[in-house]
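Please look over the model below before reading on. The briefing covers helix packing and aromatic rings.

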Amino acid sequence: QFFLPEKIKYVKERANTHFQDMSAQDYIISQLKYCDEDAIFLKGLIDGVYFIQKLNEINHKYLFEEKTEEIAKKYTGISIPEMFTNKKYDDLKKIFNAFQSTNGSLEIIGNYFELYIKKKGEEIFENKTEIIEDPIKFIHELIKFKNEMEDFVKNCFENHIIFKNKQYKVLISFMNKEKYAKQLSIYADYCMRSGFKGKSEEEKENNLNEIIDLFKCLNSKLVFQIEANKKMSARLIKGTSLSINTEKLFISKLKQEAGVNYVR
């Protein structure tokens, strides 16, 4: 009853003092080191798993959880928005490691991720008719954009569901117009006729997976179904498909994603 309030007081003072004197990244590194050393120190002194857990929770709460917004906003050349812009994967990973046990903190960081990718997407696609009106260019750029987001989610955030959901939320916002369903079907047709030429089976499957990832985000899946069926029929009748096996693989992936009735 005496020790826990004193511990809280000490950790709060430590958090405020260090945060004022350090950059955001130095603060995180310093406090993570303190938490690790404190955990080892406590195990050597205290016999009680529950009590040690309470002390560790205090460290995490006051050093990280309650500082999340301040850390995110602190501009030291490495604010969270700046980290995304400059692709500072290592620093973002440190932040994730510091906050990963608290979904509330991760949600705050995830919101900055969502803002970044939304802004980035608007820079690529908004008011650029030469890209938007060309299905091949548009989907190709969208796949590049998707892969960049996935790099963040995988390399910085260990594929955490919060960040995966943010990624798909933004992709869905870009793919919610009916014409984009048509553009994806045109892009798939292009790949089957000539875009896969010279590619290995592994590369073809990776490309098909990228198409399916965008398909998941479509609001107008019926439009895609109608257009894709027309184009597939034309390829098979005219013999312009590069590979029947690739066609079958594409059908299999659509069936797996949307159900058997979708590809009948």
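This is a predicted model: local features need pLDDT of at least 70, side-chain atom pairs count only at pLDDT 80 or more; totals for chains, interfaces and linings use all residues.

Residues are numbered from 1 along each chain as its sequence is written, and side-chain values use heavy atoms, with hydrogens and water left out.

**Helix 9 and helix 10**

- Helices here are DSSP runs (H or I, at least four residues), numbered from the N terminus.
- Helix 9 (residues 135–155) and helix 10 (residues 161–174) have axes that come within 10 Å and cross at roughly 165°; axes are lines fitted to C-alpha atoms over the stretch in contact, and angles run from 0 to 180 degrees between N-to-C directions.
- Helix 9 is therefore roughly antiparallel to helix 10 (angles under 35 degrees count as roughly parallel, over 145 as roughly antiparallel, 65 to 115 as roughly perpendicular and the rest as oblique).
- On the helix 9 side, L142, F145, K146, M149, E150 and V153 meet F163, K164, Q167, V170, L171 and F174 of helix 10, where contact means heavy atoms within 4.5 Å.
- The contact of helix 9 with helix 10 has eight nonpolar, one polar and three charged residues (Ala, Val, Leu, Ile, Met, Phe, Trp, Tyr, Cys and Pro count as nonpolar, Asp, Glu, Lys and Arg as charged, and the others, Gly among them, as polar).

**Helix 9 and helix 12**

- Helix 12 (residues 201–216) packs with helix 9 at an angle of about 90°, the axes being 11 Å apart.
- Helix 9 is therefore roughly perpendicular to helix 12.
- E210, D213 and L214 of helix 12 meet I139, L142, I143, K146, N147 and E150 of helix 9.

**Helix 6 and helix 9**

- The axes of helix 6 (residues 89–99) and helix 9 come within 9 Å and cross at roughly 50°.
- Helix 6 is therefore oblique to helix 9.
- Y89, L92 and K93 in helix 6 meet D151, F152 and N155 in helix 9.

**Aromatic rings**

- There are 17 aromatic pairs in the structure (rings of Phe, Tyr and Trp, its six-membered ring, pair if their centres lie within 6.5 Å).
- One aromatic cluster is formed by F84, Y89, F96, F113, Y116, F152, F157 and F163.
- R14 has its charged end over the ring of Y34, 4.0 Å from the centre of that ring (NZ of Lys or CZ of Arg must be within 6 Å of the ring centre and within 35 degrees of the ring normal).
- K221 lies over the face of F215, 5.5 Å from the ring centre.

How values were computed: Rings of Phe, Tyr and Trp (its six-membered ring) pair if their centres lie within 6.5 Å; planes under 30 degrees apart count as stacked, over 60 as edge-to-face and the rest as tilted. Helices (H or I, at least four residues) and strands (E, at least two) are DSSP runs, numbered from the N terminus.
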